[in-house]
Amino acid sequence: MPQFPQGIARTVEPRVRTLIGALILGLSVFGCFSLLAAEVSPGSATEAMKGTIDQALEILSDESLKAPDRAQERVKILEDIIGKRFNYQEMGKRTLGKHWQQASEADREEFVHLFQRFLSKTYAGNVDGYSGEQVEYLKERRKGDFAEVQTAVTSDKSTLSIYYRMLKSSNGWQVYDVVLDGVSLVKNFRSQFGRIIEAESVEGLLEKLRIKTARPQS
């Protein structure tokens with residue numbers, strides 16, 4: 001029977017942890033930014049993503065928020081900033097895949113809430129996990145109301161490609177998936193959560209998420 005959260009494939013877990021850290025923090029933890037091939041055009045998805053990152057950088061550079069007793073406050077502010085850029089409803093729908101249609105409206109709403117909490121609560125500690133990396137905005141691909149902002153994060157030891165898949169709505173450009181070196185957050189969790197649902201039920205998945213998100217952050 002599938003287990004949770006150990007259902008994360010061991011072969012990709014390190015990447016997934018980094019990916020989720022990038023998702024929660026919107027790459028805000030990377031200190032240096034440069035623009036290469038991509039032009040930051042007014043109204044573009046790249047401009048929207050960069051704007052969110054710049055806001056987060058302001059919070060991270062605020063010395064008054066770096067005190068240990070304000071750590072949770074800083075994470076909460078960052079989550080609020082990133083939450084405005086990420087479309088968790090669309091992300092949840094795509095993560096559940098075929099099971100989304102089978103779930104009740106109440107279960108869908110609870111799943112989206114718990115999934116967001118799961119991502120935030122488990123990996124919010126990544127806020128202080130990076131330093132000195134450089135983010136390059138490489139390219140923006142767009143088709144209608146969909147866009148993909150392609151970035152590369154470079155350190156002295158490695159380079160990671162991080163692509164933001166975005167959808168334009170009444171709230172502007174919002175992220176619905178993040179892809180790290182070819183590993184899609186949505187696709188990865190769709191596979192894992194799908195196995196749990198098939199073995200148990202949607203309620204079984206929700207209960208595991210309730211338990212996981214109720215635990216104190218390790």
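This is a predicted model: local features need pLDDT of at least 70, side-chain atom pairs count only at pLDDT 80 or more; totals for chains, interfaces and linings use all residues.
Local features here need pLDDT of at least 70 and side-chain atom pairs count only at pLDDT 80 or more, while totals for chains, interfaces and linings use all residues. Residues are numbered from 1 along each chain as its sequence is written, and side-chain values use heavy atoms, with hydrogens and water left out.

View 1. Helices (H or I, at least four residues) and strands (E, at least two) are DSSP runs, numbered from the N terminus. Starting at that end, the order reads α-β-α-α-α-α-α-β-β-β-β-β-α-α. Of the 218 residues, 46% count as buried, meaning under 20% relative accessible area with a 1.4 Å probe, protein chains only. Look at contacts (heavy atoms within 4.5 Å) with a separation of 6 or more, and 62% of them link residues 24 or more positions apart.

**View 2. Helix 7 against helix 8.** Helix 7 covers residues 185-199 and helix 8 covers residues 202-214; their axes sit 7 Å apart at an angle of about 120°. Axes are lines fitted to C-alpha atoms, for helices over the stretch in contact, and angles run from 0 to 180 degrees between N-to-C directions. The pair is therefore oblique, the label for whatever is left after under 35 degrees (roughly parallel), over 145 (roughly antiparallel) and 65 to 115 (roughly perpendicular). Helix 7 brings Phe193, Ile196 and Ile197 to the contact, and helix 8 brings Val202, Leu205, Lys208 and Leu209. That gives six nonpolar residues, no polar ones and one charged. Nonpolar covers Ala, Val, Leu, Ile, Met, Phe, Trp, Tyr, Cys and Pro; charged covers Asp, Glu, Lys and Arg; the others, Gly among them, are polar.

**View 3. Helix 4 against helix 7.** The axes of helix 4 (residues 88-96) and helix 7 come within 7 Å and cross at roughly 55°, which makes helix 4 oblique to helix 7. From helix 4 come Met91, Arg94, Thr95 and Leu96; helix 7 answers with Leu185, Val186, Phe189, Arg190, Phe193 and Ile197. The tally here is seven nonpolar, one polar and two charged.

**View 4. Ile59 and its surroundings.** Ile59 belongs to helix 2 (residues 45-60) and is buried, at 17% relative accessible area. Neighbours within four places in sequence aside, Ile59 touches Leu65, Arg74, Ile77, Leu78 and Ile81. Ile77 lies 18 residues away along the chain, with 7.8 Å between its C-alpha atom and that of Ile59.

Key. Buried means under 20% relative accessible area, exposed over 50%, partly exposed in between (1.4 Å probe, protein chains only).
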